[in-house]
Amino acid sequence: LAADGDIIPSDTLVPGVESQQISLGAEVKIPFFAFRGGATYDFKSVDPTWAYSLGVGFGVPILSVDLAVLFGPTGGLNPSNPDREALGGSASVRLHF
């Protein structure tokens, strides 16, 4: 379990725009796999809303693979939904020498 929050607002790369976030997450590990879930909220956003993340990881001594998706409550995982607020993803593959 993890929790993280900004005590004070911080500047962003966009001039005049600030961010103040709280994030919560959890990870469950079983042999070779990790399952993750989390949520984040930005109090300083123009339209504050929760965003959710899900992820899975696979690892053996020489190889790790991680996949994750981030989505908002409106529009869900459908990329063609015109009401979608947020949708993103990531993938990584690592070789360990």
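Mentor: Let us take the hairpin that β4 and β5 form, with two residues between them. Phe32, in its turn, has a positive phi of about 75°. Strands here are DSSP runs of E with at least two residues, helices are runs of H or I with at least four, and both are numbered from the N terminus. The model is predicted, so local features are reported only at pLDDT of at least 70 and side-chain atom pairs only at pLDDT 80 or more, whereas totals for chains, interfaces and linings use all residues. Residues are numbered from 1 along each chain as its sequence is written, and side-chain values use heavy atoms, with hydrogens and water left out.

β4 and β5, the latter covering residues 33-42, pair in the antiparallel sense over ten bridges; two strands count as paired if DSSP finds at least two bridges between them. Within this pairing, Ser23 stands opposite Thr40 in β5. β5 also runs antiparallel to β6 (residues 50-60), to which nine bridges join it. There, the bridge partner of Phe33 is Phe58 in β6.

The aromatic residues come next. Phe33 and Phe58 belong with Phe35 to one aromatic cluster. A search of the whole structure finds five aromatic pairs. The rings of Tyr41 and Phe43 make an edge-to-face pair, because their centres are 4.9 Å apart and their planes stand at 70°. Tyr41 also pairs with Trp50; here the centres are 5.2 Å apart and the planes at 45°, so this pair is tilted. For these assignments, rings of Phe, Tyr and Trp (its six-membered ring) pair if their centres lie within 6.5 Å, with planes under 30 degrees apart counted as stacked, over 60 as edge-to-face and the rest as tilted. Phe43 is partly exposed at a relative accessible area of 48%, and Trp50 is likewise partly exposed at 32%. Buried means under 20% relative accessible area, exposed over 50%, and partly exposed in between (1.4 Å probe, protein chains only).

Gln20 lies in the loop between β3 (18-19) and β4 (21-30), and at 16% relative accessibility it counts as buried. Beyond its neighbours within four places in sequence, its contacts (heavy atoms within 4.5 Å) are Asp6, Ile7, Ile8, Pro9, Tyr41, Asp42, Phe43 and Lys44.

Arg36 forms a salt bridge with Glu27, with the closest N and O atoms 2.7 Å apart. Glu27 forms another with Lys29, at 3.9 Å between the closest N and O atoms. The criterion is a side-chain nitrogen of Lys or Arg within 4 Å of a carboxyl oxygen of Asp or Glu. Arg36, at a relative accessible area of 32%, is partly exposed, as is Glu27 at 37% relative accessibility, whereas Lys29 is exposed at 63%. Arg94 forms a salt bridge with Asp66, the closest N and O atoms being 3.1 Å apart. Because Arg94 lies in strand β8 (residues 87-95) and Asp66 in strand β7 (residues 63-71), this pair ties together parts that are 28 residues apart in sequence. Asp66 is buried, at a relative accessible area of 15%, while Arg94 is partly exposed at 41%. Glu27, Lys29, Arg36, Asp66 and Arg94 are linked in a network of salt bridges, and the whole structure holds four such bridges.

Finally, the whole chain. The chain contains zero helices and eight strands. Along the principal axes, the C-alpha atoms fill a box of roughly 45 × 35 × 25 Å. Buried residues account for 14% of the 97 residues. Of the contacts between residues at least 6 apart in sequence, 23% join residues at least 24 apart.
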